[in-house]
Amino acid sequence: MKLSIREKKVLYAFACPNHHNTVTRLKWLTALTVDPQAKHRMLELARKMETEMEESWYTGFYHQLRAEMDEYYHAKHRLRLVKENTDYEEDLYDEAV
């Protein structure tokens, strides 16, 4: 099953180790969502999790997703720190002129 980064972020925030409870949460989130486009995306994700994901391998998928997204957020944080603490853009411009 392929997931976009947007879908992974939603699952990182709202999924739990239990497949049935995750699907139920996603359906409740769909019902609470006001924006029609967001509602459509949430419903697609809920259906994808319900039909394409088997309960037997959901636990492994959940832990893999958590590890992947933890690393994603750590890398994003490190990148932000590097950008804040370096002046590489100004140096490159001076050398080019």
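The structure is a predicted model, in which local features need pLDDT of at least 70 and side-chain atom pairs count only at pLDDT 80 or more, while totals for chains, interfaces and linings use all residues. Residues are numbered from 1 along each chain as its sequence is written, and side-chain values use heavy atoms, with hydrogens and water left out.

**Overall make-up**

The chain holds five helices and zero strands, and its pattern along the sequence reads α-α-α-α-α; here helices (H or I, at least four residues) and strands (E, at least two) are DSSP runs, numbered from the N terminus. Of the 97 residues, 27% count as buried, a word that stands for under 20% relative accessible area, with exposed meaning over 50% and partly exposed in between (1.4 Å probe, protein chains only). Among contacts (heavy atoms within 4.5 Å) between residues at least 6 apart in sequence, 63% join residues at least 24 apart.

**Helix 4 and its partners**

Helix 4 covers residues 55-84, and its 30 residues reach 43 Å from the first C-alpha to the last, close to the 44 Å expected at 1.5 Å a residue; the expected span is 1.5 Å times one less than the number of residues. Its buried residues are Y58, F61, Y62, L65 and M69, and these pack against helix 1 (5-14), helix 2 (19-32) and helix 3 (36-52).

Helix 1 packs against helix 4 at an angle of about 110°, with the axes 10 Å apart, and the two are therefore roughly perpendicular to each other. Axes are lines fitted to C-alpha atoms, for helices over the stretch in contact, and angles run from 0 to 180 degrees between N-to-C directions; angles under 35 degrees count as roughly parallel, over 145 as roughly antiparallel, 65 to 115 as roughly perpendicular and the rest as oblique. On the helix 1 side, I5, K8, K9, L11 and Y12 meet residues of helix 4 including F61, L65, R66, M69 and Y73.

Helix 1 and helix 2 also pack at about 110°, with their axes 11 Å apart, which makes helix 1 roughly perpendicular to helix 2. In this packing V10, L11 and F14 of helix 1 meet T22, R25, L26 and L29 of helix 2.

Helix 1 also contains E7, which is buried at a relative accessible area of 13%. Apart from neighbours within four places in sequence, E7 is in contact with K2, L45 and K48.

**Aromatic rings**

Rings of Phe, Tyr and Trp (its six-membered ring) pair if their centres lie within 6.5 Å, and planes under 30 degrees apart count as stacked, over 60 as edge-to-face and the rest as tilted.

| Pair | Centre distance | Plane angle | Class |
|---|---|---|---|
| Y12 and Y73 | 5.4 Å | 45° | tilted |
| Y58 and F61 | 6.0 Å | 45° | tilted |

Because Y12 lies in helix 1 and Y73 in helix 4, their pair ties together parts that are 61 residues apart in sequence. Y73 is partly exposed, with a relative accessible area of 30%, and ring pairs link Y12, Y72 and Y73 into a cluster. R66 lies over the face of Y12, at 4.1 Å from the ring centre; a charge sits over a ring if NZ of Lys or CZ of Arg is within 6 Å of the ring centre and within 35 degrees of the ring normal.

Y58 and F61 both lie in helix 4, three residues apart, about one turn of the helix. Y58 is buried at 1% relative accessible area, and F61, at 19% relative accessibility, also counts as buried.
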